Amino acid sequence: MAGPEPTVFRPGGVSYLRIPAADPALAAAFYAAVFGWRVNADRKDPSFEDGTGHVIGHFVADLASAGPAGIRPYVFVDDVRATLERAVAEGGEVTEAPYPEGDLEVAVLRDPAGNVVGVWQRARG
């Protein structure tokens, strides 16, 4: 009996990413610890599934880090400040402290591989 089709199959939806990292295993551990992504690190290019199951991909060593000039994904989180604390504890760096944007709170971090990722939440209160 077949179950529901995986949620990565959504026409027009972003569903797959290749995240550059000189040390793919380290990157996989970072994203698992900071965002709770499910990772399979038992391979040269660890695979991942984001917290929603809508995005899958691999951490790869054959691409240059995106840095601040590349495409910047934003990950929705429950608590921006707690996420930044976890990121720093795992070797990341805060590049833009939390700031309000309408009814949101937004911040930006750099992962240990140099990729820049935004995080955001609904503003509290």
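Reader: Where does Ala89 lie?
Author: Ala89 is part of helix H2. Helices here are DSSP runs of H or I with at least four residues, strands are E runs of at least two, and both are numbered from the N terminus.

Reader: What kind of model is this?
Author: This is a predicted model, in which local features need pLDDT of at least 70 and side-chain atom pairs count only at pLDDT 80 or more, while totals for chains, interfaces and linings use all residues. Residues are numbered from 1 along each chain as its sequence is written, and side-chain values use heavy atoms, with hydrogens and water left out.

Reader: Back to Ala89, buried or exposed?
Author: Ala89 has a relative accessible area of 64%, so it counts as exposed. The cut-offs are under 20% for buried and over 50% for exposed, with partly exposed in between, using a 1.4 Å probe and protein chains only.

Reader: How far apart are Ala89 and Asn40 in space?
Author: They are 22 Å apart, C-alpha to C-alpha, and 49 residues apart in sequence.

Reader: And Thr83, buried or exposed?
Author: Thr83 is also found in helix H2. Its relative accessibility is 1%, and therefore Thr83 counts as buried.

Reader: Which backbone oxygen lies 2.9 Å from a polar atom of the Thr83 side chain?
Author: That of Asp79.

Reader: What is Thr83 in contact with, leaving aside neighbours within four places in sequence?
Author: Val34, Phe35, Val77 and Val119. Contact means heavy atoms within 4.5 Å.

Reader: How many residues has the largest nonpolar core?
Author: It has 21, and those with the most contacts inside it are Tyr31, Phe35, Trp37, Phe59, Leu109 and Val119. Helix H1 (24-35), helix H2 (80-89), strand S7 (104-110) and strand S8 (116-122) each give two or more residues to this core. H1 supplies the largest share, six residues. A nonpolar core is a set of buried Ala, Val, Leu, Ile, Met, Phe, Trp, Tyr and Cys residues joined through side-chain atoms within 4.5 Å.

Reader: What do nonpolar side chains tend to do in general?
Author: In soluble globular proteins they tend to be buried together.

Reader: What about Ala29, where does it lie?
Author: Ala29 lies in helix H1. At 40% relative accessibility, Ala29 is classed as partly exposed.

Reader: New topic. Which strand is His58 found in?
Author: His58 is in strand S4, residues 56-60. With 16% relative accessibility, His58 counts as buried.

Reader: Which side chain does the side chain of His58 make a polar contact with?
Author: There are two: Tyr16 at 2.7 Å and Arg43 at 3.3 Å. A polar contact is a pair of N or O atoms within 3.5 Å; within protein, one must be able to donate a hydrogen and the other to accept it, and residues adjacent in sequence count only if both atoms are side-chain atoms.

Reader: What else is His58 in contact with?
Author: Beyond neighbours within four places in sequence, its contacts include Leu17, Arg18, Ile19, Asp45 and Phe48.
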